[in-house]
Amino acid sequence: MAQGTVVNRPGRRKVLGVYFRNNWQLYLLLLIPVIFVIVFKYAAYPGLRMAFMNYKPAKGYAGSKWVGWETFEKIFRDKDFHRALKNSLAFNFLDLLVGFPVPIILALLLNELRFPRYKKLTQTVLYLPHFLSWVIIASVALNLFKPETGLVNILMKKAGWIEEGIPFLTEKWHWAVTYLLIGVWQNMGWGSIIYLAAITGIDAELYEAATIDGAGRLRKIWSVTLPCIRGTMVTLLIMNLGRVMGSNFERLDAFGNVQVKDFQYQLAIYIYEKGLAGSNFSRATAVGLFQSLTGLLLVLGSDWVSKRLGEDGLL
Amino acid sequence: MQNTTKAPSAAEKKPSIWTGVNRVRISDFVIAFVILILSLTCILPFLHVAAKSISSNTAVMSKAVYLWPKDITFEAYASIFRDGQLVHSMFYTIGITLAFTLVGMIVTICAAYPLSIKGLKGRPFFAFFLMFTMYFSAGLIPEYLLMGDLKLLNTPWVLILPLAFSPYNMLIMRSFLSSTIPDSLYEAAKLDGADHFQILTRIVLPLSKPIIATLSLFYAVGRWNAYADAKYYITKKALQPLQYLLSNMVLSSGTDAISLSENAAVVSTPEVLQAATIMFATLPIIMVYPFVQKYFVKGAMIGAVKG
């Protein structure tokens, strides 16, 4: 009964009645999260109609005019939007390009590491950056990378490698590289866990067989480990592809400054600046809707592809 | 995590790891060295900032502080405590974090337990209804206006309630429940006349202690680190959480400006004071981190199994 294997007998109603008498408590429990998502999430959806209005905060929904697709036409002609969209896509793709292989390589290295205590200790250390906020990471980065007072620049000057401090965080091209690498660094340890878990699941006999066949270490990685974690790799790759329209406001905000605005100006920043800071609610909502919808389509698309490839879906 | 499938390594079989088929090779040291370098990148930056924060002004100005403090002084920390702003914010943030974790766990359990029961009528619908918001959000402005309508702007509640239900954590909890708690246990409890509340509180929750610990930590760390929602929804200084305060003090000011009040009687240079501020906000995490780290890994693995 607990598992509710309800049998369809003629007295269907009665059966349902018994079912609910036995299980009403489950629905009462479910009511709490349902209320939470309705009040704090679903209740925000009607606000999306702002995207099709010329919304004036002072007039509210009732007093504001409907304008149809005008706002969207405007944003697609808006240079700022083009820049934000281009930056978002470019940086998310680059993030994926550099960020995807690193956890895999790290997992392989950790798996090959022979000294168990050392391994445990280094793993603990490598997961640490994942638990620090972007504010802290960016603040520490400033201490390392400021042109005049940053430790890295000081050391390189002392070693005589450079004359002037390198503007790691204050010139847009340098910033792009630093920003991307710090992102990779922050996620590499945590990202490796999932691959280590997959590697742990590999049948030890495969390795023994490979050893008997005379395979060396690299050969075993290439012919046993990598093929065995292929599924995990594909799933994660597709899942990340589904996120290329997303954005991490905190990371961008923490690393932002006037000198790097050209590249730091991405969709999340656009929405924040036009919307909350600039009170252009309709335009910010329209861009947000665009971002959410394309994001949803990408996720659905990746799920479909992933299932077609015979991997587990995401949904 | 600790025991790799590969070669139950020679280290465990008593004979020396320096001889035999599984002996340690040069490549082992190369790997260990690469891992060492990567690990150092995760430690040294913080060591540098920590060293700076307890060094004298002159030592820092003459750029002589690397990883070890020079002319140790705790003056910068003293002025942080005299000022009181950050200390207040720290306690406030701890309070918010605890409340958020508690509410989050209650809501998550209330969702995960029913959804882990196979025969629940309407299960796919409820699952979809609760998960949908993860894939499609209304966006910043509609949510901002909603918080306004709910009268939550500029209250601590705006940091506690809206994010309390995390679909992702719910998924982890649900897959834990459906994989670890055998159906036979429910059957037995049913036969003994237990209802769902009793099963939940007397059987399921005691068996779920590890996952409850893990998810509580996920919630707590998430709340502790997040500051975007504070930036959107809170303008009153006294209600801003620590990370947001830190971002205002160290990042937004652009130059080295940092604002502690007059009676903090600051003698440290901005450089040192900033380092101390950063350490002040980082130390709580670094101190608890080693002890709770293993729970995180467990959670990540369960999460990994179920995407």
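Reply: With 13 C-beta neighbours inside 10 Å, B:D71 counts as partly exposed; a residue is buried with 20 or more other C-beta atoms within 10 Å of its own, exposed with 12 or fewer, and partly exposed in between, C-beta atoms being placed from the backbone. This is a predicted model, in which local features need pLDDT of at least 70 and side-chain atom pairs count only at pLDDT 80 or more, while totals for chains, interfaces and linings use all residues. Residues are numbered from 1 along each chain as its sequence is written, and chains are lettered from A and ligands numbered from 1 in the order in which they are written.

Me: Which value does phi take in A:S279, and is A:S279 buried or exposed?

Reply: A:S279, which is not a glycine, has a positive phi of about 60°. Its place is the loop joining α15 (267-277) to α16 (281-308) of chain A. A:S279 counts as exposed because it has 12 C-beta neighbours inside 10 Å.

Me: How do α15(A) and α16(A) pack against each other?

Reply: Two packed helices are described by the angle between their axes and the distance between the axes. For α15(A) and α16(A), the axes come within 8 Å and cross at roughly 160°; axes are lines fitted to C-alpha atoms, for helices over the stretch in contact, and angles run from 0 to 180 degrees between N-to-C directions. The two helices are therefore roughly antiparallel, a term for angles over 145 degrees, with under 35 roughly parallel, 65 to 115 roughly perpendicular and the rest oblique. Among the residues in contact are A:Y270 and A:I271 of α15(A), with A:A284 and A:V287 of α16(A); contact requires C-beta atoms, placed from the backbone, within 7 Å. By class, this contact has six nonpolar, three polar and two charged residues. Here Ala, Val, Leu, Ile, Met, Phe, Trp, Tyr, Cys and Pro count as nonpolar, Asp, Glu, Lys and Arg as charged, and the others, Gly among them, as polar.

Me: How many residues does each chain give to the contact between chains A and B?

Reply: Chain A gives 86 residues and chain B gives 88. On the side of chain A, helix α1 (residues 12-40) has the largest share, twelve residues. That side comprises 59 nonpolar, 20 polar and seven charged residues.

Me: At what angle do α1(A) and helix α4 of chain B pack?

Reply: The angle between α1(A) and helix α4 (residues 85-115) of chain B is about 130°, and their axes are 8 Å apart. The pair is therefore oblique. Residues that meet there include A:L29 and A:F36 of α1(A), and B:V107 and B:Y113 of α4(B). This contact has eleven nonpolar, no polar and no charged residues.

Me: Which domains make up chain B?

Reply: An automatic or database domain assignment divides chain B into domain 1 (1-73) and domain 2 (79-305). Their contact takes ten residues from domain 1 and ten residues from domain 2 of chain B.

How values were computed. Contact = placed C-beta atoms within 7 Å. Helix = DSSP H or I, 4+ residues; strand = E, 2+ residues; numbered from the N terminus.
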